[in-house]
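This report describes selected helices, helix contacts and backbone features. The sequence and the structure come next.

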Amino acid sequence: MSQLGKIADAVGTYNRFVAAEVDRARADAAYAAELRARWAGIRSAVGTTQSPSGTPLPRLALPDTDEPGAIAEYLLGQGLPGEFPYATAAYREMYLDTAARTGEEPMRLFAGLGLAEDTNARFKYLSRHQRSLRLSTAFDGPTLYGLDSDHAGVLGKIGEGGVAIDTVEDMGRLFAGFDLTRPDASVSMTMNAPAPVILAMFIAAAKRRFGPDRVASLRGTIQADMLKEVQAQNEVIFPVDASLRFLCDMVEWCVPNLPRWYPISISGYHIAEAGATPVQQAAFTLSNGFTYAGLLRDRGASVNQFGPRLSFFLDCGLDVEYLVLGRVCRRIWAIGMRDVFGADAKAQVLKLHTQTSGRSLIAAEFQNNLTRTAVELMLAYVNYTNSCHSNSADEPFTTPTERYALLASHGQSILLEESGLFRHTMNLFGGAPGLLALERQVESAILGVFREMDTLGGVIAAMEQRYQRSKIQESGHRLETQIYSGERPIIGLNKYVSHEPLPHVPLARTSPSKQRLQVERLRAFKRKHAKRAPDALQRLENVTRAGGNVFGELVTTVETCSLGQITACLTGVVGQFRPMV
Amino acid sequence: MAVAKTPRRPAPLRILTAVPICDGHDSAVTTINLELARHGIEIIYLGYHQAVEAIARAAVQEDVNAVGLSSYNGGHIVFFREVVAALRRGGNGDIPVFGGGGGTITRADERAMRRQGTDRIFFAGTPLEEIVAAIRGYSRPARPNPRFRGDRVLARALTIAESGGRVPAVKRTGPGRSFVVGIAGPGGAGKSTLIDELTSRFLRHQPAGRIAILANDPSHPGSGGAILGDRVSAIYAQDDRVFFRSLATRGSLTGLSAAAPAAIELLRRSGEFDLILVESVGVGQESDPFRSFGGGQPLVDATLFVLAPHYGGLIQLQKIALLNGADYVALNKCDHPLAKVAKAEIQARLDQNGRDQRLHATTAAKHFDPGVDALFSALAQRADLAPAAGGERPCRLEVTP
């Protein structure tokens, strides 16, 4: 049995344990009394507050029961916020008015366009009203594929869909004017195959700007999830084993040297966007997470040290399963980490970032996308996501323009700050019968996928047999067929169609002169370092061949070499990824 | 030897589909591929993150009716223009380019793209029937065209052979004497990967030579369409010294397209290729596809049988006819836990044959695998491929496919 089978078993065992405890609470008077006393203590500790219209409210909503079986069921099956198995929430208090004062803010706005200075300006615009500094970066195609902007055939792609980063100097321009060492600052980067190179550039740029001593205070996340790239998103450069090695090197380096950094964000977003069902998204994402945990453990890293540095990223669409997806994922992760990996409490908590679904947005009558995103935001926050990005309504056409990016940001503020749904009481929705029924169904379906992959030999073996890819493609195809047939109503597309012509939407595009400027900057950098670069690349090659920590060397290599030069050097050593259909 | 004539039947359209460089969004294109194949069209799928030159090269070698590009992360105006320009530069401007990109390609973009040579853009929400009907409009007679140059001449001759027409005489353009290797094995044994790795060795060892690959893949029995996806994982075929052609079986049950004998003969006669690798569809027990044509005359100069360790035990092994006939046997996926036992069992099976059949243990999925090196050396020796003066030259591999 692979690790995945053991995890599915552990969840089953835990569920049977909860059921037995419920029976015991009902049969054993002493246990019942103990539970009642504990429950009374919990309830009396809940503070009170009131709505602006004067309705008194508890700060935490708990099941209104005194029955020992129900108490056991809640405490063990769902858990108080911030307590095992974390179905309710990862932390004790989230989103409440009082929490806002502590400076933690869930909103992240993903931005990236044009050259570094353009994205820098967008960051400044979006962070004007933020209570804390949250910068989330999208990169352009050439950067995502580890290519330099002067690579043949990529000119039109420079600065499209994200920012163009070729060198450490671009990285400096990207974050100019922001104090990233502030305690409430956090930077997120959606970057995968070249993640080690890009993070090394980030560190090198921060050293230049803030001094080497302050690097350890940098906080943020880099996606670096290569398994989901092979399964769904297709931004892969190196063969799988080499990709995973570079990733583990980076994680191992970050744990002691960047203690506030999340060096991997295990992502279901792209799996769902490629067509997976919500259950498949959760099953593949969690199983990828357990695979990373296993790889790092097998390299000798301590699960209690790297565990708290793993974070997750899920898509949230309009399907009903999204009402509970985050809750179910937290529960499975906690049980698997505790009972299979022996992790301590901090390493059991699944920290979740959510993004509303890009695939759910359509071009026809695109202003309806504001409503779609608003509903998805609501679903994401009902799951107590730790952070969230809301998409812009104009995304079917373009990288978000300022106007719609701001509307997307205000959507979150309206939900969290203007509406009363999340300001006063934690867990306003948890425990509803529909939610519980869905949770059970979704959990059991996820474990079913785990068992299927287990019979194929685990995640990586299944991946080599194209299991995840075929499942995702099959679901994507079914989804399209359902849209064509009308079985899935899409307002404005296959239902209530107005046939109004597509609107004239302003586009955020990168001008050819800017694209040429990026190429000129890169060439100037290469000229400046022409003498030192070959030695730096030779050292990188030596470390890679010798099996050393590649990331530790990259932090130096990026001082004199461009992204494309480094990619070519590493490909020369480890070979090139062979894509799967 | 006379080129065998193949029976005439209506030839399906052949369409090349791909996603542009630095773009991994393949959800739309895989759905379209499936739907077009379901409507009887042969799709040659090149994959995502594809460079302009790779698309133009594949379009020429596959002699497709049209090229379809699915672009979702911007830069489409420049990219489509460059694909059209690359086709025109090689005298292949007759191959139309169409595409789509959901909402990312605006009406204004479309007008600019059409002015620059793109034939058609399909917008979000276009009914599938409309797309299929438009693509059917790319049908054209398979005839020789005196204006064609280079690989396109050969590619068109292959199209004519495939459609059952009279195969034209192809001018001998190279001096070479070709050595043809037929490669067969059960589905999932890793034939395509092994062929690609052999290709990389060829490019490295033969600095001036050319290699041809004929990849046979099954047609869908109902619709007659097919998704020919071997190019996706053929990363070393991105080189002008590699001529890669995908052949759908179109109802032939032998493991090869009925046009394969004519195609092999055409490739041989061109004199262009030092080595020709012919990949059968997944076969094993029943027959040897390379000896079942031309009245017992072998189609190929040597045969390579590829299998993976999970063939199902000794009894299954006894039934595999190809193990009797194959000149070379490769046990691939040797990183599999069963490989050690498999190797001993197969060796014992080959010893029974009492012929000089060498068993090669390979792990083609591993880059720079020494087992593949040894297999290539054996084939090169048999094919009499001498390293050119000046020794080895690194293959012209780009960082990206």
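## Helix 21 of chain A

In helix 21 of chain A, the residues that count as buried are Q515(A), Q518(A), V519(A), L522(A) and F525(A). Viewed down the axis of helix 21 of chain A, these buried residues lie within an arc of 120°, so they line one face of the helix. E520(A), R527(A) and K528(A), on the other side of helix 21 of chain A, are exposed. Helix 7 (168–174) of chain A is included in what covers the buried residues of helix 21 of chain A.

The model is predicted. Helix 21 of chain A runs over residues 512–528, and its 17 residues at 1.5 Å a residue should span 24 Å; the end C-alpha atoms are 24 Å apart, which agrees.

## Helix 22 of chain A

The buried residues of helix 22 of chain A include A533(A), A536(A), L537(A), L540(A), V543(A) and T544(A). Because these residues cover an arc of only 125° around the axis, they are on the same side of helix 22 of chain A.

R545(A) and A546(A) are exposed on the other side of helix 22 of chain A. Just after helix 22 of chain A comes G547(A), with a positive phi of about 80°.

Is T556(A) buried, partly exposed or exposed? With a relative accessibility of 41%, T556(A) counts as partly exposed, since that class lies between the cut-offs of 20% and 50%. Between T556(A) and F284(A) there are 35 Å in space, C-alpha to C-alpha, and the two are 272 residues apart in sequence.

## Helix 10 of chain A and its partners

Two packed helices are described by the angle between their axes and the distance between the axes. For helix 8 (residues 195–210) of chain A and helix 10 of chain A, the angle is about 30° and the axes are 9 Å apart. That makes helix 8 of chain A roughly parallel to helix 10 of chain A. From helix 8 of chain A, A195(A), P196(A), L199(A) and I203(A) meet F246(A), M250(A), W253(A) and C254(A) of helix 10 of chain A.

Helix 10 of chain A also packs with helix 12 of chain A: the axes come within 11 Å and cross at roughly 70°. Helix 10 of chain A and helix 12 of chain A are therefore roughly perpendicular to each other. Helix 10 of chain A contributes L244(A), L247(A), C248(A) and V251(A) to this contact, and helix 12 of chain A contributes Y292(A), L295(A) and L296(A).

## Helix 12 and helix 14 of chain A

Helix 12 (residues 278–298) of chain A packs against helix 14 (residues 325–339) of chain A at an angle of about 30°, and their axes are 11 Å apart. Helix 12 of chain A and helix 14 of chain A are therefore roughly parallel to each other. The crossing of helix 12 of chain A past helix 14 of chain A is right-handed.

Which residues make the contact between helix 12 of chain A and helix 14 of chain A? On helix 12 of chain A they are P278(A), Q281(A), A282(A), L286(A), G289(A), F290(A) and A293(A). On helix 14 of chain A they are L325(A), C329(A), I332(A), W333(A), G336(A) and M337(A).

## Backbone features outside the helices

In chain A, the peptide bond from F84(A) to P85(A) is cis, and its omega is near 0°. P85(A) sits in the loop between helix 3 (68–78) and helix 4 (97–100) of chain A.

Y384(A), a residue other than glycine, has a positive phi near 50°. Y384(A) is in the loop between helix 16 (368–382) and strand 11 (387–389) of chain A, and with a relative accessible area of 2% Y384(A) is buried. In chain B, D384(B) is not a glycine but has a positive phi of about 65°. D384(B) lies in the segment after helix 12 (370–382) of chain B. D384(B) is exposed, at 59% relative accessible area.

Technical notes:
Residues numbered from 1 in each chain as written. Chains lettered and ligands numbered in written order. Predicted model: local features only at pLDDT ≥ 70, side-chain atom pairs only at ≥ 80, totals over all residues. Heavy atoms only, no water. Buried < 20%, exposed > 50% of the residue type's maximum accessible area, 1.4 Å probe, protein only. Helix = DSSP H or I, 4+ residues; strand = E, 2+ residues; numbered from the N terminus. Arc of directions from axis to C-beta. Axes fitted to C-alpha atoms, helices over the stretch in contact; angles between N-to-C directions. Parallel < 35°, antiparallel > 145°, perpendicular 65-115°, else oblique. Left-handed = near helix turned anticlockwise from the far one by under 90°. Contact = heavy atoms within 4.5 Å. Expected span 1.5 Å × (residues − 1).
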